[in-house]
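Please keep the sequence and the model in view while reading.

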Amino acid sequence: MKWRFITALMSVTLLVLLAQDIPLGFYLQQVEHDRIITSLERDAFLLAGRSEQALETLATEDDSELIQTVKNYRDAGGSRVVIVNKEGTAVVVSDDDQADLGTSYLNRPEIAEALSGKISTGHRFSATLNQELLYVTVPILSGSEILGAVRLTYPVYVVTNKVNEQIGLLSAVALIALLLAAIVGYIVSGTITRRLRRLQEATEALASGDLMARADETAGAKEIRSLAESFNDMAERLQLLINQQRTFAADASHQLRTPLTALRLRLERAHDLLETDPAGAAERLAAAEAEADRLSNLIEGLLLLSRTEAANVQRERFDLAAVTRDRVNHWKALAAESGVKLRYEGPQQLGVTAVPSAIEQIADNYIDNALSVSPTGSRLIVRVVSEGSIAQLHVLDQGPGLSAAECTRAFDRFWRANSDRHGSGLGLAIVAQLARASGGTAQLTPRPEGGLDASATFDLAKD
């Protein structure tokens, strides 16, 4: 990924540089060409003005100052200078050997055009010099009379060399830009890949069984931090599920061992007594049946607890008052048989949020536990109240109650009070889990007058 990112960044940078520098190179070439032409035209007119007096007096041979000016101009700028009279004969040349002095230049198109009164510029190939020349030719005027012409020639390669120097400078800048792009790409991609590599290491550690492996959520780009947070949330959830699975397996194996052993012993004893003592065998079989029922209840409780812990159920709106009244009506017949007065106290309607079936199961567990310990003639009150943004369900009994320490331990799995020898020890653990899943809490509180206040809280629904 790192090298692909660097290559992509350098490719984009190179395309931008090419799109910019190629037109810029042609532009620089044209600008340099126009600049030299303009400069040559200016110099040609200056030399034409200087040559006017010499051509008027026909004394160019004696005008050593003009000759020296022409040579100085040649030495300073590299241009070759030829001054011709109106017949097209060279009267001044910038060459040191002066071999072309007196030569006719009428066969040069630019000279003929200048002697006709026009300024001639352009470039052509010189067979004599065997190179491409850039030229400027201007007429020498005295009023309206044409006295001659001045031609300045300049090697085209000089222009090309200057343009190449500028293009070379642009190329150096482009190369530096590419190197900077590579450095920036290396740094940026290194930062990204380093964070991704650490996230990969955390993923591999988690996959290898290290449930404590976590990604760093504090460093890197926003997207990387968000990915790390999602990974950590997944790891937390996975660790919770695995721990719950392990706890479930450990609890199940521990709690199922005793009833299974007891069931086996009773069945073996019933088998031994089947021929010699049929009544005793029947008694053992009845005890085995009761033990099987207890085992079935225990398994169902474990499965229910496992489902409530593992499920990520969305909360919904329920009428706490209506559901609670329904459960009270359901238990009234059994309460009457036990000689317990069961009644509901609270509003007719009260909307709360909870996971499905949570209210029913919490109310059933609390009422069932309360009835099992409530003495004959006592009262059992199921009360629904609201306070602020919280709704509360209370089941108030007049039983023997529990100590503060026992009230805290009562929600632990498989914990049972001395008075509860037939339960599975999972009911209140399920209540606590359902309350947590619903966004609330479950609590047992000793009542001052005796008995327990079994309560659960829920968030009020927003209408």
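The points below cover the basis of the model, its strands, its nonpolar cores and its salt bridges.

This is a predicted model, in which local features need pLDDT of at least 70 and side-chain atom pairs count only at pLDDT 80 or more, while totals for chains, interfaces and linings use all residues. Residues are numbered from 1 along each chain as its sequence is written, and side-chain values use heavy atoms, with hydrogens and water left out.

**Strands and sheet**

- Helices (H or I, at least four residues) and strands (E, at least two) are DSSP runs, numbered from the N terminus.
- Five strands make up an open sheet with antiparallel pairing, in the order β2-β1-β5-β4-β3; two strands count as paired if DSSP finds at least two bridges between them.
- At the edges of this sheet are β2 and β3 (120-126), each of which pairs on one side only.
- From one strand to the next, the twist averages 25°, with axes taken as lines fitted to C-alpha atoms (for helices over the stretch in contact) and angles running from 0 to 180 degrees between N-to-C directions.
- Three bridges link strand β1 (residues 80-85) to strand β2 (residues 90-93) in the antiparallel sense, and Val-84 stands opposite Ala-90 in β2.
- These two strands, β1 and β2, form a hairpin with four residues between them, and Gly-88 in the turn has a positive phi of about 90°.
- β3 pairs with strand β4 (residues 131-142) over seven bridges, again in the antiparallel sense; the bridge partner of Phe-125 is Glu-132 in β4.

**Nonpolar cores**

- A nonpolar core is a set of buried Ala, Val, Leu, Ile, Met, Phe, Trp, Tyr and Cys residues joined through side-chain atoms within 4.5 Å; buried means under 20% relative accessible area, exposed over 50%, and partly exposed in between (1.4 Å probe, protein chains only).
- The largest nonpolar core has 42 residues, of which Ile-362, Tyr-366, Leu-444 and Phe-458 touch the most other members.
- Elements that each supply at least two residues of this core include α7, β7, α10 (427-437) and β12 (452-460), while α8 gives the largest share, eight residues.
- Leaving aside neighbours within four places in sequence, Ile-362 is in contact (heavy atoms within 4.5 Å) with Leu-393, Val-431, Leu-434, Ala-435, Ala-456 and Phe-458.
- Another core, of 26 residues, lies apart from the largest one and has Ile-37, Leu-66, Tyr-154 and Val-163 among its members.

**Salt bridges**

- There are 10 salt bridges in the structure, a salt bridge being a side-chain nitrogen of Lys or Arg within 4 Å of a carboxyl oxygen of Asp or Glu.
- Asp-364 and Arg-327 meet through their side chains in a salt bridge of 2.9 Å, N to O. Asp-364 belongs to helix α8 (residues 358-373) and Arg-327 to helix α7 (residues 320-337), so this pair ties together parts that are 37 residues apart in sequence. Both Asp-364 and Arg-327 are buried.
- In the salt bridge between Glu-345 and Arg-383, the closest N and O atoms are 3.0 Å apart. Because Glu-345 lies in strand β7 (residues 341-345) and Arg-383 in strand β9 (residues 379-387), the pair ties together parts that are 38 residues apart in sequence.
- Glu-345 is partly exposed, with a relative accessible area of 23%, and Arg-383 is partly exposed, at 29%.
- Salt bridges with shared partners join Asp-326, Arg-327 and Asp-364 into one network.
- Asp-43 forms a salt bridge with Arg-42, with the closest N and O atoms 3.3 Å apart; Asp-43 is buried, with a relative accessible area of 12%.
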